[in-house]
Amino acid sequence: LNGCGISPRDSIAYCIVAHLYKGYLARVDAEGFAFVAATPTSETSVVGSFDENGTFYANRAQDTWIIHAPDALLGYVQPWEGMAKMEKMPVPTSTSHGADTVVWEGHLVSVSGGGIVVTDLTDPDMR
C-alpha cells in the first residue's frame, strides 16, 4: 500500500496497491479491503491525495492519474477487467512529482528533489 488519502466524502482511506503485477486503487477500512479502480501502472511507489470534492489524484514520476468520487464505486474482493480505470492527466512530462503531494485550492502541490512542483488543476487543459 502506498499513495493513500482519506476521502472527504466518506472518511475512508484509499490507497494504491499492486496485485499480480498490476496497480489498483483500493478502499481500506474497518470492514476490510476492496479494489475500486485500476491504475495504468503496477508501481506502488506513488503519492496520492484527495481534493475537497472527493477526486483522488495519484502521481508517479511524471505521470498523474485521476478518478472522480471513488467512494461511489463498487468495491471488489478481486480486481477484474470491467472495473473503473484511473485516467492519466495531461501533466507536462518535464514535471516530476516526488515524495508527497496534496491538493490545495485547485492546485496539485508536490515535493520533488528538494523543490516544490505546483500544477494548476483549474487549467482546462489539465482535465
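**Note on loops, sheet and aromatic cluster**

1. Leu20 sits in the loop that runs between β2 and β3 (22–29). Its phi is near 50°, a positive value in a residue other than glycine. Leu20 counts as exposed because its relative accessibility is 66%, and the cut-off for exposed is over 50%. The model is a predicted one, which should be kept in mind for the points below.

2. A second residue with this kind of backbone angle is Ser11. Ser11 is not a glycine, yet it has a positive phi of about 55°. Its place is in the loop between β1 (2–6) and β2. With a relative accessible area of 59%, Ser11 is exposed.

3. Next, the aromatic residues. The count of aromatic pairs comes to 5. One of them is Tyr14 with Phe50: the ring centres are 5.6 Å apart and the planes stand at 75°, so this pair is edge-to-face. The pair links distant parts of the chain, with Tyr14 in strand β2 (residues 13–19) and Phe50 in strand β5 (residues 47–50), 36 residues apart. Tyr14 and Phe50 are both buried.

4. Phe50 also pairs with Phe56. Here the centres lie 5.0 Å apart and the planes are at 65°, so this pair too is edge-to-face; the angle needed for that label is over 60 degrees. Phe56 is buried, as is Phe50. Tyr14, Phe50 and Phe56 together form one aromatic cluster.

5. Turning to the sheet: 3 strands form an open sheet with antiparallel pairing, in the order β10-β11-β12. β10 (100–104) and β12 are at the edges and have a single partner strand each, so one side of each is left without a neighbour in the sheet. From one strand to the next, the twist averages 20°.

6. Within this sheet, strand β11 (residues 107–112) and β12 run antiparallel and are joined by 6 bridges. Leu108 has Thr119 as its bridge partner in β12.

7. Which residues make the nonpolar surface patch of about 290 Å²? The patch is made by Val111, Ile116 and Val118.

Technical notes. Residues are numbered from 1 along each chain as its sequence is written. This is a predicted model: local features need pLDDT of at least 70, side-chain atom pairs count only at pLDDT 80 or more; totals for chains, interfaces and linings use all residues. Side-chain values use heavy atoms; hydrogens and water are left out. Patches are made of residues with over 30% relative accessible area and no salt bridge: like charges are joined within 9 Å, nonpolar side chains (Val, Leu, Ile, Met, Phe, Trp, Tyr) within 5 Å. Accessible areas come from the Shrake-Rupley method with a 1.4 Å probe; for residues, only the protein chains shown count as cover. A salt bridge is a side-chain nitrogen of Lys or Arg within 4 Å of a carboxyl oxygen of Asp or Glu. Two strands pair if DSSP finds at least two bridges between them. Helices (H or I, at least four residues) and strands (E, at least two) are DSSP runs, numbered from the N terminus. Axes are lines fitted to C-alpha atoms, for helices over the stretch in contact, and angles run from 0 to 180 degrees between N-to-C directions. Rings of Phe, Tyr and Trp (its six-membered ring) pair if their centres lie within 6.5 Å; planes under 30 degrees apart count as stacked, over 60 as edge-to-face and the rest as tilted. Buried means under 20% relative accessible area, exposed over 50%, partly exposed in between (1.4 Å probe, protein chains only).
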